[in-house]
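Me: I am new to this structure and would like to know what the terms used for it rest on. Please take my questions in turn.

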Amino acid sequence: MKRTYKPVIAAVFGCALFYGTAASGSTVDWTPLLASWEDGCAQSEEWSELRRNLVTYPDGSLYPEVNEIVLPTVYKEALGEIDFFERNRDYSGYRLAAKNGEYYGLPVESFVFYLGNSNGISVLLVEFSAPIDEVQERLSSVDYSLVNHDSGPYQAQLITDEEVGKAMLMCDLSV
């Protein structure tokens with residue numbers, strides 16, 4: 001009797017493909033990582049570590065270079081490419097793409113950083129890919145408190161760009 005393993009191999013391959021697709025399509029919840037923003041833009045340990053290690057400044061340069069993404073694996077795997085979209089003498093702007101992630105159930109498109117070149121500029125944004133009114137409605141029940149820090153009062157704020165139809169959560173930590 002001749003045995004054929006083709007049906008078994010096909011079944012195993014099919015299951016692997018199904019489960020691999022399901023796992024890669026899973027949604028990452030950014031809410032726990034960013035919950036500290038609700039307390040006067042406080043930065044969780046993980047988020048602070050990401051900011052500290054994401055870019056470095058080569059000796060003598062005002063312009064940062066990408067260093068490394070330091071986050072717990074589940075978050076690190078939910079990020080895409082980093083894009084430097086602004087580089088000038090005062091600050092640099094870069095966008096870190098998010099894949100399959102949500103914040104309070106809202107789809108996160110990217111994380112945007114504006115960091116000053118030795119001048120205290122530090123603005124962080126979470127860009128959403130949901131319509132502005134949906135973002136406003138969903139986040140209206142979140143209490144973003146104003147907290148006085150050594151360098152001043154800070155509070156996360158929802159901002160919108162009506163021209164491009166985008167809502168963003170912003171923490172301006174500039175000093």
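This is a predicted model: local features need pLDDT of at least 70, side-chain atom pairs count only at pLDDT 80 or more; totals for chains, interfaces and linings use all residues.

Reply: Residues are numbered from 1 along each chain as its sequence is written, and side-chain values use heavy atoms, with hydrogens and water left out.

Me: How many helices and strands does the protein chain have?

Reply: The protein chain has 5 helices and 11 strands. Helices (H or I, at least four residues) and strands (E, at least two) are DSSP runs, numbered from the N terminus.

Me: What makes cysteine 41 and cysteine 171 a disulfide?

Reply: A disulfide is a pair of cysteine sulfur atoms within 2.5 Å. The sulfur atoms of cysteine 41 and cysteine 171 are 2.2 Å apart, so the pair meets the definition. The structure holds 1 disulfide. Cysteine 41 lies in the loop between helix 2 (31-34) and helix 3 (45-54), and cysteine 171 in strand 11, so the link ties together parts that are 130 residues apart in sequence. The angle about the S-S bond is -95°, and the link is left-handed.

Me: Why do cysteine 41 and cysteine 171 count as buried?

Reply: Buried means under 20% relative accessible area, exposed over 50%, and partly exposed in between (1.4 Å probe, protein chains only). Cysteine 41 has 2% relative accessibility and therefore counts as buried. Cysteine 171 has 0%, so it counts as buried too. Of the 175 residues of the protein chain, 35% count as buried.

Me: Is threonine 31 buried or exposed, and what does its side chain join by a polar contact?

Reply: Threonine 31, in helix 2, has a relative accessible area of 12% and is therefore buried. A polar contact is a pair of N or O atoms within 3.5 Å; within protein, one must be able to donate a hydrogen and the other to accept it, and residues adjacent in sequence count only if both atoms are side-chain atoms. The side chains of threonine 31 and aspartate 29 are joined at 2.6 Å. A polar atom of the threonine 31 side chain also lies 2.8 Å from the backbone nitrogen of tyrosine 104.

Me: Why are the buried residues of helix 5 said to line one face?

Reply: The buried residues of helix 5 (residues 132-139) are Ile132, Val135 and Leu139. Seen down the helix axis, they fall within an arc of 65° (taken from the directions from the axis to the C-beta atoms), so they line one face. An α-helix has 3.6 residues a turn, so residues three or four places apart point the same way. The face turned away from the buried side carries the exposed residues Asp133 and Glu137.

Me: Which residues touch the most other members of the largest nonpolar core?

Reply: A nonpolar core is a set of buried Ala, Val, Leu, Ile, Met, Phe, Trp, Tyr and Cys residues joined through side-chain atoms within 4.5 Å. The largest has 38 residues, of which Trp30, Trp37, Trp47, Phe111, Phe113 and Phe128 touch the most other members. Its largest share, 5 residues, comes from strand 6. A second, separate core of 5 residues includes Val112, Val123, Leu125 and Met170.
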